[in-house]
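Me: Let's go through this model together, one question at a time. Ready when you are.

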Amino acid sequence: MSTDAQLAPLATRFGDALHRTRALVTYNLLLRVRDPSQLISYLITPMVFMVMLQPLYEEALETGTVHAVTGQLVMFSVFAMAIVGNAIFVEREWRTWDRLRASRAARWELLVGKAVPVFVVLLFQQAVLFVYGVAVIGMPLPVSLPLLLAAMSIWGVTLLAMGAALATLVRSRGDLIVACDVGAITVSTVGGTFLPVDLMPGWAQDIAPFSPGYWGLSMLRAAVEGDVAETFRPALVCLAIVLVTGAFATYRLAHGWGRSHLV
Amino acid sequence: MLEVNELTKRYDEVRALDGFTLDVAAGEIVGLVGHNGAGKTTFVEMVSGLLQPDSGTVLVGGRPPADTRGEIGISPQHIALYRPLSVREHLNLYGGIAGLRGATLRDAIDELAVALQLTSFIDRRAGLLSGGQQRRTQAATALIHRPSLLLLDEPTAGADPETRQALLDVVKQRAGEGTAVVYTTHYLAELMDLDATIAVAAKGRVIARGTSAQLLEGLPGEVRVTAADGEVHVSSQDPTGTLLEILGSVRRPVESVELRHPTLDDLYHSLAADHVH
């Protein structure tokens, strides 16, 4: 009896938290749906590049078709960090984040409400590009779909955490655009998404592992080939990146920015 | 309902709050007035739990702000709306976060839409609204869950008279139902309309507090009498008596008489100037 009496308020509180989180996820999804241009461009451009580059990679590499698909996918998924950055930055620019922080919603509810729709977008982008890679470019079917899904999810969370950290650091929209564009080109190129690491000069091969793109590419390529052991190590590195950047972003988001942090 | 005691807050070298103390009872409207930089917005951010004081306490209904966020409705000084979302979607969001759902939420939205005259643009996106419409929308998001404490930080800044009146009517109605209201403004006439008690802030603290009658007592008014042979213009603590005296002593025909009793503007300028000097 007493246990029931204790559980009832807990269940109510959990139900209320779910209701609030659903309200937050819904409005964030609406915001994403009403601003689809970034996602569309990050879907169409890699599709075109895959078609253009596949013959070249096929000529140069044993697994050229897989690289044509996974390389462009990783490159443009890194570009999609701009979607994460933008989703958070507008809350600063419109000064809406503090209004949410002052509401009944707990910090974790706000973070989940913000993260889930953006994560869905990142996962959707990867899924569409993989399907396109198999159906149009001729990439072999992935050996293990659950393994690939796990790798896509880990890469999605990595991008989410990095993008969120970036958005809480920059001081203006101009900073965000530059950081996303230059950052994405650097991270993906150094990581071997455009020119495979094996074909890079020695010094570039040495610095490639410092790029998150290198680990994302290694993980996704191994997952496509169904190699669990080769997927595991880069997955751990990605999760370490999530831990560091995610903790930083969570702290910044939970505490707000106060006044005059935007140029 | 709201007990704020000796709050202090520094931003680097700037002392934003310096012993800020204010109590607001349930059903009371307190008009908080003061120059820009007097500490009004810092105070509002502390009560809403967005800022931590360096020292001092804030209690809402006897509890700290972190435990009472659902009971506070906030309309910040700046417009804070999602441009791609409609007015109705904003109300659904903030109502949903506050725990309203289904028919209760729909009824609350319908009621506010009528009271704040939102009906004609309720399905329009916030980015396409005029400044006055955005102000009303923002106020509606603060009012949707019937909070027991309302913090309205310059809610009518830049608003047209129609918007202003609609908002004042709703604030009066909510106070009549027991809501405690803190209303910061530079438009002192609004406080007379709201029948608010007044707190004057300067340099991070409240320097005067009372009803308008209490605070205006002792402030001089003005008398201006224009006759054929010249003009008399004097300040007086009893403008009516002074006018009668002047009229009794004037021998030429009087062309015009101007009598001005002290207003809240005079009080504001006098107290703030005294404090600054």
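Me: How far apart do the C-alpha centres of domain 1 and domain 2 of chain B lie?

Reply: This is a predicted model, where local features need pLDDT of at least 70, side-chain atom pairs count only at pLDDT 80 or more, and totals for chains, interfaces and linings use all residues. Residues are numbered from 1 along each chain as its sequence is written, with chains lettered from A and ligands numbered from 1 in the order in which they are written. Chain B splits into domain 1 (2–215) and domain 2 (220–261), with bounds from an automatic or database domain assignment. The distance between their C-alpha centres is 42 Å.

Me: Which helix of chain A gives the most to the side that touches chain B?

Reply: Contact here means C-beta atoms, placed from the backbone, within 7 Å, and it takes 20 residues from chain A and 22 residues from chain B. Helix 1 (2–33) and helix 5 (97–101) of chain A each supply at least two residues of that side; helices are DSSP runs (H or I, at least four residues), strands are too (E, at least two), and both are numbered from the N terminus. With 7 residues, the top contributor is helix 1 of chain A.

Me: How many helices does chain A have, and how many strands?

Reply: UniProt lists "domain: ABC transmembrane type-2" (unreviewed entry) at residues 33–254 of chain A; its positions use the numbering here, feature names are shortened, and annotations may be inferred rather than shown by experiment. That span is 81% helix and 0% strand. For chain A, the count is 11 helices and 0 strands.

Me: What is the radius of gyration of chain A?

Reply: The C-alpha trace of chain A spans about 70 × 50 × 35 Å along its principal axes. The globule rule (2.2 Å times the number of residues to the power 0.38) goes with a radius taken over C-alpha atoms. For 263 residues the rule gives 18 Å, and chain A comes close to that, so it is as compact as a globular protein of that length, with a radius of gyration of 20 Å.

Me: How many residues are in the largest nonpolar core?

Reply: A nonpolar core is a set of buried Ala, Val, Leu, Ile, Met, Phe, Trp, Tyr and Cys residues joined through C-beta atoms within 7 Å, and buried means 20 or more other C-beta atoms within 10 Å of a residue's own (exposed is 12 or fewer, partly exposed in between), with C-beta atoms placed from the backbone. B:Leu2 and B:Tyr183 are among those with the most contacts inside the largest core. Its size is 75 residues.

Note on methods. Two residues are in contact if their C-beta atoms, placed from the backbone, lie within 7 Å.
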